[in-house]
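Take a moment with the picture, then read on.

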Amino acid sequence: MTYNIPPETAAALAAQPRVRLAHLPTPIQPWPRLSDALGGPQLWVKRDDLTGLATGGNKTRKLEFLVADALEAGADSLITAGGPQSNHCRQTAAAAAQLGLAAHLVLGGDPPPPENIQGNLFLDQLLRATTHFVDKTQRNAKMELLADELRAAGRSPYVIPVGGSNAIGTLGYVAAMFELAEQLNAMPDVRFDRIVMATSSGGTQAGLTLGAKMIGFDGPVTAISIDQAPEDADTFTFRDHVRDTANACAELLNSDVNTSGDDLRINHDYLGGGYGVVGPPEIEAVNLLATREGQFVGPVYTSRALAGLIDLIRNGQIDRNETILFWHTGGDAALHAYTSNFTPTQ
Ligand SMILES: *Cc1c(COP(=O)(O)O)cnc(C)c1O
């Protein structure tokens, strides 16, 4: 099977402003011992935990395009938002430090006591980002307020939405799918039936689903929802947001590939105890991957997505004859803020 990257789209992508922040291409590796532990299917991993920016993760690919846009706009400060253990905020803070920009992080929740600043929040501090704690519902309003204040003070702020999930950030995951196409074309003996990854602010899913359509990958791109509740048919939903983001990204690339709501595979069965709550399935996924492959998934996103994949295999919804690519979106730096959830015997 050869995947074809549409040349006009590749050219339109190459013409987009981009700052190189990631170590690319990220490796594709088999997980033979984890596959054995689960009695099949054949599991492989795309190591976007190794993108390299201040411990890596998926936001680096988006930030290559977002930060380039900020620089074109003459920005001297980046503003973004997330949870206190946000991987996105940590990668944004690192990109800002690398390029000599200020970083303002709007974090939902209460500030932890100084002796309890761990994981990503600790790294944010080392990166000299300014943190602003607000109620989760006030994050967007606070970002706008900060932007106004910075402008009034003569600065030039650039607001990156939560997770970097707008059309520009999504370019990073279309580029990632093109990268995968080139890797797969060089490994003719392996054919993936399905891609599985975490979804939360939706940009990764939007880019991978759009990119898959563009290159002709016809297997399911199964997104395990980390915190987005199942849709209510009457309202503007997460599915609509991901669809619209994919289509806005296609427009940036002058592509007529259209994404419909039905193209998006979103599984809401693994929301567990809510965002950032580590339960038995997440703990099992962390421990299985550590002991079988010597690798780490993060506590919030990738352990939940991997736990979802493991359950879909065990309950028969995913066939044991499949060959599956787990797209590892990173997040292991947050493990250090969750040490009390893990004991050596669990
Ligand atoms: C942000 C994040 C995700 C989710 O990606 P979205 O593009 O926001 O849906 C998955 N895994 C990790 C580790 C993340 O930090």
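## The ligand and its pockets

Around the ligand there are 16 residues, the closest being Lys59, Lys62, Ser201, Thr204 and Thr329 (a residue counts as near when one of its heavy atoms lies within 4 Å of the molecule). This is a predicted model, where local features need pLDDT of at least 70 and side-chain atom pairs count only at pLDDT 80 or more, while totals for chains, interfaces and linings use all residues. Residues are numbered from 1 along each chain as its sequence is written, and side-chain values use heavy atoms, with hydrogens and water left out.

So what makes up that shell? By class, the shell around the ligand has 2 nonpolar, 12 polar and 2 charged residues. (Ala, Val, Leu, Ile, Met, Phe, Trp, Tyr, Cys and Pro count as nonpolar, Asp, Glu, Lys and Arg as charged, and the others, Gly among them, as polar.) Helix 3, strand 7 and helix 8 each put at least two residues into the shell.

| Residue | Part of the residue | Distance to a ligand oxygen atom |
|---|---|---|
| Lys62 | side-chain N or O atom | 2.6 Å |
| Gly202 | polar backbone atom | 2.8 Å |
| Gly203 | backbone N or O atom | 3.4 Å |

On its own the ligand exposes 380 Å², and the protein buries 98% of that (accessible areas come from the Shrake-Rupley method with a 1.4 Å probe).

Where does the ligand sit? The ligand takes up the space of the largest pocket, where sitting in a pocket means that more than half of the molecule's atoms lie within 2 Å of the pocket's grid points. A pocket is an open set of points on a 1 Å grid over the protein atoms alone, where a 1.4 Å probe fits, with protein on both sides within 12 Å along at least five of seven lines; lining residues have an atom within 4 Å of a point. The largest pocket holds about 530 Å³ of space, and a volume is the space filled by probe spheres set on the points.

The lining of the largest pocket comes to 32 residues, with Val162, Gly163, Ser200, Ser201 and Tyr301 nearest its centre. That lining splits into 7 nonpolar, 20 polar and 5 charged residues. Several elements supply at least two lining residues each, including helix 3 (59-72), strand 3 (77-82) and strand 7 (194-199). Helix 8 gives the most, with 3 residues.

Now for the second largest pocket, which has a volume of about 310 Å³. It is lined by 15 residues, and Leu13, Arg18, Ala175, Phe178 and Glu179 are the closest to its centre. Helix 1 (7-14) and helix 7 (167-185) each supply at least two of the lining residues, with helix 7 giving the most at 5 residues. This lining has 8 nonpolar, 2 polar and 5 charged residues.

## Backbone details

A few spots in the loops deserve a look too. Leu24 and Pro25 are joined by a cis peptide bond with omega of about -5°, and Pro25 lies in the loop between helix 1 and strand 1 (28-30). The peptide bond from Gly40 to Pro41 is cis as well, with omega near -5°; Pro41 is in the loop between helix 2 (32-37) and strand 2 (42-47). Arg128, a residue other than glycine, has a positive phi near 60°.

Key. Helices (H or I, at least four residues) and strands (E, at least two) are DSSP runs, numbered from the N terminus. A polar contact is a pair of N or O atoms within 3.5 Å; within protein, one must be able to donate a hydrogen and the other to accept it, and residues adjacent in sequence count only if both atoms are side-chain atoms.
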